[in-house]
Amino acid sequence: MSQLAILGGEPVLKQELPKYNSIGDKELNAVASVIRSGTLSGFYGSPGDQYLGGPVVKEFERMWSERFKIRHTISVNSATSGLFAAMGAVDLKPGDEVIVPPLTMSATVVAPVVYGGIPVFADIEPDTFCLDPECVEGLISPRTRAIIAVNLFGHPAQLERLRSMADRHGIYLIEDNAQGPLAGEKGRYAGTIGHIGVFSLNYHKHIHTGEGGMCVTDDDDLALRLRMIRNHGENVVGPMEVENISGIIGFNYRLTEMSAAIGIEQLKEIDRHVEARTTVAERLSQGVRGLAGLTPPVVRSDCRHVYYVWGMKVDGDALGVSRRQFSRALEAEGFPHSTGYVRPLYMLPMFQKKIALGSYPFNLSTIDYKEGACPVAERMHSEELLVYEPCMYDISPEVLELMVEAIRKVHRHRLELNSLE
């Protein structure tokens, strides 16, 4: 294995890595039990006990609250729905500004637009890839209603600091914790430090229900508003004597009993599933630590990283070859990965052309979504980030050592790659 595969040698990893499958007999039996009951969804869109869902949904929410030490859990049919509901819950109004990161899934930054809000992009930290609090502070204006912090790749943003900042300015902190179940900062779970936290149960996350999500909060009023937005809230604001009905145009964001049954079994095993991904990521970090030009993921002190993504930085100058060259050689060795993450989201056509619902809501704002707005995020995407997704694969200890060797092999012979240019 001395010659690089891209130059004609044998690859280190000769077979495609097996996919991670967390679904087993317990989930199958739980779904079968729901099917035999005949009640596949327990929700009614009118006042009454069933307004809050069926018994399995309620049990799943109770267990989630207990595990994450939070007062209220509101299940939804996706984390995207949860983010949309969170914007309504904080009573976002047309023209209000929401500070968001540029390096995340698009739903995070589209959520404010659904309610006529204006996304304002703040740059990220170059080590954790989460929101830079200094940039956030500089963007808070009288029009700011909320901050959405993404615990990107499974590492917490500076949540305590952002929550303090939000409280000081009288605005809300929403955590997009889709990638960070069991991540933590100073002994508290990520997703529970903001006013509202949103978790994902999409099929490629640490645990999943196929599609699904959870919203959590310690605030009774926010919990009530989330529940109404989830389930046709316009029908119940009268009978429930809700005074502030602004933003309670309801949707159907309801989770099925079948999905909840799967979720209960997955939640019981969450430690095992998260640890499996963490073990792989930490060994990869150990394997590349000290290699010139390669920087494994940084974990801030008093934080737990759960590695939805293992993100390594590549310094082309220190390495002697570009990220593109290094990536091509690593791919030839059989190591599955990608470069960058997503192009900074303000470069999406909807922001460049300022078109959502026609020109609305961008016609309410003078925010300019120009290239160069978040230089750190742009540099990470175009030049430095190289990412592997631990949640995708079921890695044995033997294969894990081969993955480490693949990186180290390319690093040893990297200067030979210049012959390809």
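**View 1. The largest pocket of this predicted model holds about 320 Å³ of space**. Closest to its centre, among 21 lining residues, sit A79, M105, A178, S200 and K205. A pocket here is an open set of points on a 1 Å grid over the protein atoms alone, where a 1.4 Å probe fits, with protein on both sides within 12 Å along at least five of seven lines; lining residues have an atom within 4 Å of a point. Volume is the space filled by probe spheres set on the points, which are joined across faces, edges and corners.

View 2. The largest share, three residues, comes from α3. Helices are DSSP runs (H or I, at least four residues), numbered from the N terminus. By class, the lining splits into nine nonpolar, nine polar and three charged residues; Ala, Val, Leu, Ile, Met, Phe, Trp, Tyr, Cys and Pro count as nonpolar, Asp, Glu, Lys and Arg as charged, and the others, Gly among them, as polar.

**View 3. The second largest pocket has about 230 Å³ of space**. Its lining has 13 residues, with Y20, Y203, H204, C391 and M392 closest to the centre. Here the classes come out as five nonpolar, four polar and four charged.

**View 4. Helix α11 (residues 323-332) and what follows**. Buried here (under 20% relative accessible area, 1.4 Å probe, protein chains only) are R323, Q325, F326, S327, A329 and L330. Just after α11, G334 takes a positive phi of about 95°.

**Notes.** Residues are numbered from 1 along each chain as its sequence is written, and side-chain values use heavy atoms, leaving out hydrogens and water. As the model is predicted, local features need pLDDT of at least 70 and side-chain atom pairs count only at pLDDT 80 or more, while totals for chains, interfaces and linings use all residues.

How values were computed:
Helix = DSSP H or I, 4+ residues; strand = E, 2+ residues; numbered from the N terminus. Buried < 20%, exposed > 50% of the residue type's maximum accessible area, 1.4 Å probe, protein only.
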